[in-house]
Amino acid sequence: MFGAEGTIQLQDQLPTTYLDSSAEPRAGADVGVGSRAGTGTGTGTDDDAYGDEDDDDPQLVNLYYANFHGAHPMLVPRAWYADQRYPSYLRHVVQFIGSHFSPSVSSDFLSRDAYSKLQDTSIKSPFMVQALLLFSIALHSQTKLKEAEKTLARAVQLSLELGMNGQDFATMNGRQQPILEESLRRTWWEAYILDGYTAALHRKPGFKTSHANLKAPLPCEETAYAEGVCIPSPPTLTEFDMRLFADEEIQFSSFCYRIEAVRILSRVIAIAGTDEVHGDQVQAVDNALAGWVHHLPPTKADIINSFGEVDEMLFQAHMIIQCSNIFLHFPRSDLLSTLPGTEEIACARGNKQMYPASTQHIHAVKATDGSKELSNLAALRLPVQKHTPLFICGLVLSAVVQLSACAVHACHCMEQHRDRVTLIIGVLKSLSQHWPLASQVLQQIKRVGSEVLQVRSNTQATVPPESSAHDSGVDVSHCMDDNSWIDLFVGQGLAGLPFFETTATFERSP
């Protein structure tokens with residue numbers, strides 16, 4: 001598929017600093033993605049770069065593709081994996097991630113092995129970008145948050161140094177192999193998405209890739225990629241933006257709408273941590289969030305297709321949009337202003353209460369709606385381990401908003417809030433079988449949920465049962481007086497929550 005030796009070569013215009021093995025190219029040959037010119041950048045021999053393919057564990061590779069690849073599909077599809085002959089450092093990351101889904105293989109040794117193989121900073125290759133991106137997700141999901149942040153930053157910096165955001169990078173470096181070209185395009189956009197999403201979780205006002213020149217063509221549909229039949233001339237971001245004014249409906253992949261969700265998220269975090277914005281700016285971003293779903297074509301109306309299969313790219317796009325709603329509206333709402341100690345709650349930042357653009361009540365309703373939509377995603381009856389582990393953060397956001405709403409909603413809404421929190425706890429329990437981060441936040445959410453729901457149940461003891469078909473409002477006139485549950489956030493600090501340092505606030509732009 002990729003030549004007699006299975007290697008993928010770059011065009012001869014590529015600088016030697018992009019290359020990542022010490023194999024000596026034959027006379028007159030282009031230098032391969034998986035090879036290094038004899039100038040000696042980096043360390044190791046050809047065997048060190050590729051390793052012994054007999055060391056590959058097919059079971060772990062299969063587990064990676066069955067449970068994780070669909071959520072972050074930047075490597076070539078499974079059918080092309082062996083022929084690709086990825087460098088050993090990338091293959092070890094793949095097996096490390098696959099071990100999270102194995103009942104018999106420990107991830108600890110594989111984690112150390114993968115980490116050691118990624119320490120050679122002289123390797124300048126798109127494969128290294130892929131390895132670092134994947135490893136950062138795994139580290140994040142293992143609660144190694146600082147290491148994950150550093151690894152992601154290194155991946156982003158390297159992708160920019162290589163120029164992966166350029167319009168011609170994939171075609172120049174893919175040897176006219178459509179499947180490799182598509183993989184390289186997806187790698188850039190995966191870096192962009194991870195950079196933006198984690199910046200929001202860190203409460204940063206921006207992220208590095210958002211300032212890059214976004215010229216890389218857009219990814220194709222997942223079904224086409226899996227079959228290796230992506231179109232030869234992929235669309236551009238400009239063409240995607242102009243679809244809104246086209247006379248006829250133009251089809252774009254679900255991956256494109258995932259990218260668009262992060263572009264909107266970048267606008268949210270730019271204004272989320274400051275009062276120095278006009279109300280019209282907040283409303284404009286809110287309009288973009290509300291309008292996103294209306295611009296989905298009929299073919300993207302449902303996350304699950306007629307065969308019962310989830311569109312993971314569309315799933316994540318919806319997740320990012322709803323998280324964005326919470327980031328924008330929760331700090332401007334009255335959900336936390338009525339409660340003491342809210343400055344310690346992840347995502348709320350009571351000591352950084354934002355000035356509302358409309359009324360606090362409206363912001364509270366929109367934040368609550370965002371949390372409801374996140375719980376609706378969790379309610380999809382699908383194997384949850386196939387979702388991105390970054391969904392854990394979305395579940396935490398949803399739970400925090402629901403528990404805050406429990407403290408101020410009218411009594412007749414209690415059951416619906418309880419059901420959503422119970423669902424989130426259940427999904428976290430399932431995810432905890434694979435990702436330590438889910439286990440950590442599960443215990444914290446359970447402690448807080450037990451306290452606040454018990455207090456509300458005691459408050460309801462003298463109130464006649466009442467049912468309701470909706471809970472779209474926030475009735476602060478029914479606020480409870482006992483806010484002792486909030487002390488659990490303060491006492492525990494939620495220090496282990498993903499990227500939610502309890503003492504942090506949104507950074508201000510210099």
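Reply: Contact here means heavy atoms within 4.5 Å. This is a predicted model, in which local features need pLDDT of at least 70 and side-chain atom pairs count only at pLDDT 80 or more, while totals for chains, interfaces and linings use all residues. Residues are numbered from 1 along each chain as its sequence is written, and side-chain values use heavy atoms, with hydrogens and water left out.

Start with H434. Not counting residues up to four places away in sequence, H434 touches H100, F101 and Q385. H434 sits in the loop between helix 17 (414-431) and helix 18 (436-459); helices are DSSP runs of H or I, at least four residues, numbered from the N terminus. H434 counts as buried because its relative accessibility is 17%, where buried means under 20%, exposed over 50% and partly exposed in between, with a 1.4 Å probe and protein chains only.

Next, the cysteines. The structure holds one disulfide, a term that requires two cysteine sulfur atoms within 2.5 Å. The bond runs from C220 to C230, with an S to S distance of 2.0 Å. C220 is in the loop between helix 9 (178-201) and helix 10 (222-227), and C230 is in the loop between helix 10 and helix 11 (237-242), so the pair ties together parts that are 10 residues apart in sequence. Both ends are buried: C220 has a relative accessible area of 10%, and C230 has 11%. C323 is in no disulfide; its nearest cysteine sulfur, that of C393, is 8.0 Å away. C323 is buried at 1% relative accessibility. C393 is likewise in no disulfide and is buried, with a relative accessible area of 0%.

Last, the packing. A nonpolar core is a set of buried Ala, Val, Leu, Ile, Met, Phe, Trp, Tyr and Cys residues joined through side-chain atoms within 4.5 Å. The largest has 129 residues, and I97, L134, W189 and Y197 touch the most other members. Helix 9 is the biggest contributor to this core, with 13 residues. Apart from neighbours within four places in sequence, W189 is in contact with L214, A216, P217, L218, P219, L237, F255 and I259. A second, separate core has seven residues, among them M414, V448, V452 and L453.

Methods. Helices (H or I, at least four residues) and strands (E, at least two) are DSSP runs, numbered from the N terminus.
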